[in-house]
Amino acid sequence: MTSLLMTQVYAATPTMTIYGTFDNEAPKGQAPTLEINPSNSSITLYGTIDAGIRNVTNASAAGSKLSMSSNGQYYNNRFGVRGEEDIGGGMNAHYHLEMGFNSGTGELDNAENRFFNRISAVGIAGPLGSIDLGRQPSVACKVVHAYDPFSYRYVQLIPLAGAVSGNADADNPFGKLGGTRFSNAAQHIGKFGNITTMAEYSFGEVSGSSRANSAKAVGFVYRSGAYAFGSAFTKQQPNIATGGAVEYADQEQLTFGASWKSGPWRFAGGHIGTDSESTRLGTLRQAHNNWFGGSYDFNSTVSMTAALYKTKLGAVSGAIARRDFLIIGATYALSTRTNLYASADRANIAGFASPIPGKQARQTGISLGINHMF
């Protein structure tokens with residue numbers, strides 16, 4: 001199966017693909033996953049569990065909040081199974097199922113009670129790439145990973161995973177006009193030399209209209225030596241209604257960015273811009289994110305990353321919200337599978353999304369925890 005590999009910038013942890021599966025190469029003396037190989041097929045079980053404590057000031061008008069319950073402070077909790085069968089001619093059939101869960105409560109990590117909410121896809125791959133059908137991370141999600149300084153760690157805090165195009169699964173005031181994944185999607189990924197190309201179409205499944213609730217996107221990532229850059233464009237018609245009446249918007253999103261890695265250093269930055277227009281109501285919503293940051297591996301055990309994420313939102317009413325979010329995180333590798341982590345962050349929030357109505361809010365957050373991959 002052709003896939004876009006995640007570049008791990010944290011010390012001494014197994015590299016994972018954008019789909020959430022481990023690389024084939026295991027740490028010395030260990031297997032990265034449980035693999036079953038009947039005849040010409042294979043089944044792989046894998047996952048990661050993260051538990052930590054977080055305290056944030058001005059969480060609401062009532063004050064600070066101390067919590068442990070989460071879907072993973074540092075890295076999202078997941079359990080998955082993927083399989084592959086060699087069907088000859090340099091081709092394979094494959095499937096991928098992945099669920100998320102809350103480590104504090106043991107519950108599913110989504111209000112819709114989807115069991116395989118992260119990935120539920122089946123496909124076929126060959127010399128020209130892979131075609132997959134089902135629920136899966138969007139093209140924009142996969143492209144942005146190449147130039148996110150934190151490589152999709154702390155996604156509950158950092159706005160990028162919520163800002164990329166996808167089906168709306170929950171309300172997130174900072175950047176989320178869509179959501180990380182598309183349901184009912186057909187996606188192609190091909191790798192040609194240093195370029196990985198991606199294209200997708202998500203079926204809206206609305207009676208009387210093939211456009212309503214649908215989406216289409218193209219994107220690419222180019223990697224050569226220390227450099228990587230990419231871009232993705234998505235056009236969709238999500239239902240943005242907040243009440244009972246259906247309201248499909250003409251929504252477009254463009255993202256682009258780049259990263260550079262040399263020795264222990266990595267720097268990355270990018271942009272996501274989303275315009276969502278209701279032709280019926282003549283209104284426009286916008287969500288723009290800009291970011292830059294870097295990481296440094298002190299040795300094979302200790303790594304540190306810092307980044308600034310700036311978000312600006314425009315609401316249907318024309319109101320504006322802004323957030324400047326600075327986060328510094330460090331990891332200490334107890335082994336090739338287990339990390340201790342700590343982070344400190346500062347958010348300045350103004351406008352309609354402020355947790356203190358009518359006032360600018362300043363939040364300071366501290367997170368401590370442990371993450372284990374299996």
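**Figure 1. Val122 and its relative accessibility in the predicted model.** Val122 has 48% relative accessibility and counts as partly exposed, because that class lies between the buried limit of under 20% and the exposed limit of over 50%. The residue is part of strand 6.

**Figure 2. A nonpolar patch on the surface that includes Val122.** The patch consists of Ile87, Met91, Tyr95, Val122, Ile124, Ile131 and Leu133, and their accessible area together is about 580 Å². Two or more of its residues come from each of strand 5 (91–99), strand 6 (119–126) and strand 7 (129–137).

Figure 3. His94 counts as buried, with a relative accessibility of 3%. Another polar contact, of 2.7 Å, links the side chains of His94 and Asp132.

**Figure 4. The largest nonpolar core, with 35 residues.** The members that touch the most other members are Val144, Tyr152, Tyr154, Ile158, Leu160, Tyr309 and Ile327. At least two core residues come from each of helix 1 (139–144), helix 2 (160–163), strand 10 (215–224), strand 13 (265–278), strand 15 (302–314), strand 16 (320–333) and strand 17 (338–351). Helix 1 contributes the most, five residues.

**Figure 5. Contacts of Ile327.** With residues up to four places away in sequence left out, Ile327 touches Phe150, Tyr154, Leu157, Ile158, Thr305, Ala306, Ala307, Tyr309, Ser343, Ala344 and Asp345. Among these, Tyr154, Ile158 and Tyr309 are listed with Ile327 as the core members that touch the most others.

Terms used: Residues numbered from 1 in each chain as written. Predicted model: local features only at pLDDT ≥ 70, side-chain atom pairs only at ≥ 80, totals over all residues. Heavy atoms only, no water. Patch = residues over 30% accessible without salt bridge, like charges linked within 9 Å, V, L, I, M, F, W, Y side chains within 5 Å. Areas by Shrake-Rupley, 256 points an atom, 1.4 Å probe, with all protein chains shown as cover. Salt bridge = Lys/Arg side-chain N within 4 Å of Asp/Glu carboxyl O. Helix = DSSP H or I, 4+ residues; strand = E, 2+ residues; numbered from the N terminus. Buried < 20%, exposed > 50% of the residue type's maximum accessible area, 1.4 Å probe, protein only. Core = buried A, V, L, I, M, F, W, Y, C linked by side-chain atoms within 4.5 Å. Contact = heavy atoms within 4.5 Å. Polar contact = N/O pair within 3.5 Å; in protein donor to acceptor, adjacent residues only side chain to side chain.
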